[in-house]
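Open your viewer and get ready to select a few side chains.

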Amino acid sequence: MKGLFVVFAILVATLGASPSFAADQRNVTVVNGTGYGIKFLGFNNPGDNDWSENELGGVLANGGNIYVKFNTSDKGCKWNFKIEWADPGYPGVLWQNIDLCSIDEITLKYDRDTDKTTAIVK
């Protein structure tokens, strides 16, 4: 019985260290540092133009953040992501071919003087 417990403990330790049980390397925290609310945040594989899946359950306020978890059936490290502003009448912003496997956080910034929205990755 003692030997069976040791085998079980080794099996649990091995499975716990397996990559399939670890956090997906594409999971990312998105921080809104734009000064404005964001009503839509979507991620797509390059070449996919269907932006129907919104990661937000409401408006992501300035200063807020959201942790985006990827499904294990999703493939690849390079992803496009898009935001749409909560204020109507302003065009959305799209970033392409971002390597999510090499970053943990995306901080969005808006520069009113240049009218540019940037994504700072860490």
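Start with Glu 84 and Lys 82. These two form a salt bridge, and their closest N and O atoms are 3.5 Å apart. Keep in mind that this is a predicted model. Now look at the surroundings of Glu 84. Its relative accessibility is 28%, so Glu 84 counts as partly exposed.

Why do such pairs form? Side chains of opposite charge can pair when their charged atoms come close.

**Next stop: Glu 105 and Lys 122**

Select both side chains. They meet in a salt bridge, at 3.5 Å from N to O. Which parts of the chain does this pair tie together? Glu 105 sits in strand β6, residues 105-111. Lys 122 belongs to the segment after β7, which covers 116-121. The pair therefore links parts that are 17 residues apart in sequence.

Is Lys 122 buried or exposed? Lys 122 has 60% relative accessibility, so it counts as exposed. Glu 105 has 23% and counts as partly exposed.

**Last stop: Asp 24 and Arg 26**

Select Asp 24, then Arg 26. A salt bridge joins them, with the closest N and O atoms 2.6 Å apart. Buried or exposed: what is Arg 26? Arg 26 is buried, at 5% relative accessibility. Asp 24 is buried too, with a relative accessible area of 18%. The cut-off for buried is under 20%, so the 18% of Asp 24 falls within it.

**Check your list**

How many salt bridges does a search of the whole structure find? The search finds 3.

How values were computed:
Residues are numbered from 1 along each chain as its sequence is written. This is a predicted model: local features need pLDDT of at least 70, side-chain atom pairs count only at pLDDT 80 or more; totals for chains, interfaces and linings use all residues. Side-chain values use heavy atoms; hydrogens and water are left out. A salt bridge is a side-chain nitrogen of Lys or Arg within 4 Å of a carboxyl oxygen of Asp or Glu. Buried means under 20% relative accessible area, exposed over 50%, partly exposed in between (1.4 Å probe, protein chains only). Helices (H or I, at least four residues) and strands (E, at least two) are DSSP runs, numbered from the N terminus.
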